[in-house]
Amino acid sequence: MTTDAQRPLVPLAPLSARHAEAPPSRVKISVAGLNFFYGDKQALKGITTDIGANVVTAFIGPSGCGKSTFLRTLNRMNDIIPGARVEGRAAIDGLDIYRPGTDVVALRRRVGMVFQKSNPFPKSIFENIAYGLRVNGIAGSRSELQGRVEESLKAAAIWDEVKDRLKESALALSGGQQQRLCIARALAIQPEILLMDEPASALDPIATQRIEELIYRLKESYTIVIVTHNMQQAARVSDFTAFFWLGELVEYGPTHRIFTNPKEKLTEDYVTGRFG
Amino acid sequence: MRTRSGLMRRVGDLAFQALGIIVTLAALLALATLIYDVAHDGLGRISWQFLTSYPSRRPESAGILGPLVGSLFVIGLTAAIAVPAGVAAAIYLEEYARRTFVSRVIEINIANLAGVPSIIYGLLGLGLFVRAMGMGRSVLAGAATLALLVLPMVIISTREALRAVPPSLREGSYALGATRWQTMWHQVLPAALPGILTGLILALSRAMGETAPLITIGALTYVGFVPDGIWSPFTVLPIQIFNWVSRPQAAFAVNAAAGILVLLVLLLALNAVAIILRDRYQKRLA
């Protein structure tokens, strides 16, 4: 099973030691020996980890370390990329999402995603939220649809700003509003897991703060996995932090410990800003 | 040193700008001369009588009704054949087909087909539609031939419009649990529509000006009637113009000029429709 290619490039503590502090809550996502390839290039090397339910887990690491790639394996978003290949196991609620015959469309309904660059559809604010409900055949009647749209916009803390302009184009909103609209859109279909790929990296500090407050509130109902470049952000919003480096999961544990008492020299160097 | 190179750069910039203006003016001048010449000869001939009469041996009582209706009929039918087929092919190639050797061969051949002379399509139409499929020298055979002619252009321009849709739009749709078809139909196609429309109208404009393939399949040059169905014989504007130009009498040359004006107005109207549609969809998206 362990080939040279999968062997860590840096001396790491034994797996058992690195994963001694598994999440205290119920395990939602369980990944074992996950390798990912873009063509010949291996982007993820033997990722093994458990992600807890109803907590915020942050992935940190320098650019190109594989954290976004890993996030996108969790809703099989990488399937779209030609030449992409996955090995190993990634299970949600104990069921491998890469087993043959998996309904990818149904999987993505359960695992919502918010992207780095906000990508509202070029439609009205209302239609942006209603789209997910329509394609999944969730809301039957007009009034049910309206109720769900309002509920989602409220959950994403943007209702008060847009309630009088639901028919206007979503592209007229500010960057921060667009990103919250995208969060509302993801929430509308009531996923179990919310993946966020640097959701605030293109936003100003105030908009970022609103997103972070939102994440804090959403973890009551959702399992949240967030990729971030910003270590302060990871420290602020997450309960658990995973540090990635060159396609490997170097260290994973409670956020507080990762930032104050990392076990790996590499982690320490990164979180103290010595590289990256 | 720095100022000198700055000066050189400004001179170079100005020289290129001047060259660009001259070349543009030359092209515009040629076009203006052409239009002036045609309008000078033909404008006086355009009348209700000219638009509503059939051909005649006497130039002053000849008209353009047959070819005018024939052109509109053929182009309408061409669009009805080429647009669904071309757009569907483009969607398949761009969104569904795997990048295999076969799909690459198909792509290269479509690009090559776009460069094949139109008379070759005429020969194909004659052999395939007129003879083998027994359509005869009908509107349907003409439209089918022109549809084949513009199909590569429709496919190529539609693919480019689809490719210009940002990937983030597709990802956003997939991430909400939309299927490939739902993503295509609700997000990608509407976003690509302005570009697709532009390509379609350009392709149909080209079809409207084509003469050679229709002569090859045997479109008539003297039509004393309006085509009454897809099996009817027909003629089109360029053929009628060609026919009049080749007559010895000067009065027929005037008719030809008037016919050219009618064709130009038709083409401009088609382009105007394209621009209006595109603007309307772009406004809706913004």
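User: Which residues of α10(B) are buried?

Analyst: In α10(B), the buried residues are L237(B), P238(B), I239(B), Q240(B), I241(B), N243(B) and W244(B). Buried means that 20 or more other C-beta atoms lie within 10 Å of the residue's own; exposed means 12 or fewer, partly exposed is in between, and C-beta atoms are placed from the backbone. This is a predicted model, in which local features need pLDDT of at least 70 and side-chain atom pairs count only at pLDDT 80 or more, while totals for chains, interfaces and linings use all residues. Residues are numbered from 1 along each chain as its sequence is written, and chains are lettered from A and ligands numbered from 1 in the order in which they are written.

User: Why is I226(A) called buried?

Analyst: I226(A) has 27 other C-beta atoms within 10 Å, so it counts as buried. I226(A) belongs to strand β8 (residues 223–227) of chain A.

User: What is I226(A) in contact with, leaving aside its neighbours within four places in sequence?

Analyst: I226(A) is in contact with V56(A), A58(A), M196(A), P199(A), I215(A), V237(A) and S238(A). Contact means that the C-beta atoms of two residues, placed from the backbone, lie within 7 Å. Take A58(A): it is 168 residues from I226(A) in sequence, yet 4.8 Å away in space, C-alpha to C-alpha.

User: What makes R76(A) buried, but D93(A) partly exposed?

Analyst: R76(A) counts as buried because it has 20 C-beta neighbours inside 10 Å. D93(A) has 14 other C-beta atoms within 10 Å, so it is partly exposed. R76(A) is in the loop between α2 (67–73) and β4 (84–92) of chain A. D93(A) is in the loop between β4 and β5 (95–96) of chain A.

User: What is the phi of R76(A), and of D93(A)?

Analyst: Phi is near 55° for R76(A), a positive value in a residue other than glycine. For D93(A), also not a glycine, phi is positive, near 50°.

User: How many residues of chain A are in contact with chain B?

Analyst: 23 residues of chain A are in contact with 17 residues of chain B. On the side of chain A that touches chain B, α3 (104–110), β6 (111–114) and α4 (125–135) each supply at least two residues. α3(A) gives the most, with 4 residues.
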